[in-house]
Amino acid sequence: NEIPSDSIDIKEAQGVYDVTKIDYVSIPGFLNGSITSNNLSVYGVKIGDDISLVIKNPKFGKPDIASSFNETGNVTNLEYREKLGLNKSGIVFNALDGKIRRITIKQSFSSFLVGKSNMNQSLRGIYDTYGLPDSQEQLPYFRIFHYPNRGIDLFVDKNKLNGVSFYSLED
């Protein structure tokens, strides 16, 4: 009973799950923390990948906005909206010295997410899905729920999930 090789995504077989194909919050081990940002990708791009893989990826290509900063190293942000058919920024890749360190998915990208992973969640749904945050930060217009052992931050605005960020556990 061997699974045909064309029916399984190679990265899924290696323990990396594409959030546009799989309801990542429903993967066994997500709530207890054995699934972390290191196990997640967006259209095959994951934390630690070379930034050139984003630009070479046919789902992304040339970013709508690219910005670089050199104060604390070679930092680059690639922001996508129009290429994804969105009116607002949907996803931002943050790289340090050419390696992806953070992937931030915004509300406008939510329709590409599967199942309970989408961002149509109330505060109660966030707690049920992600558990209580290890810490939270109140900013003027939203809160950030931090899950540092998983490499995940949630952006909550008016008690609704508004964005999720996967970051390197090495930071």
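Mentor: A search of the whole structure finds 13 aromatic pairs, where rings of Phe, Tyr and Trp (its six-membered ring) pair if their centres lie within 6.5 Å; planes under 30 degrees apart count as stacked, over 60 as edge-to-face and the rest as tilted. The ring centres of Phe60 and Tyr80 are 5.1 Å apart with the planes at 55 degrees, so this pair is tilted. It links distant parts of the chain, 20 residues apart: Phe60 lies in the loop between α2 (51-56) and β4 (65-69), and Tyr80 in strand β5 (residues 75-80). Helices (H or I, at least four residues) and strands (E, at least two) are DSSP runs, numbered from the N terminus. The model is predicted: local features need pLDDT of at least 70, side-chain atom pairs count only at pLDDT 80 or more, and totals for chains, interfaces and linings use all residues. Residues are numbered from 1 along each chain as its sequence is written, and side-chain values use heavy atoms, with hydrogens and water left out.

Both Phe60 and Tyr80 are buried, meaning under 20% relative accessible area, with exposed over 50% and partly exposed in between (1.4 Å probe, protein chains only). Strands β6 (residues 91-96) and β7 (residues 99-106) run antiparallel and are joined by 6 bridges; two strands pair if DSSP finds at least two bridges between them. These two strands form a hairpin with 2 residues between them, and Asp97 in the turn has a positive phi of about 50 degrees.
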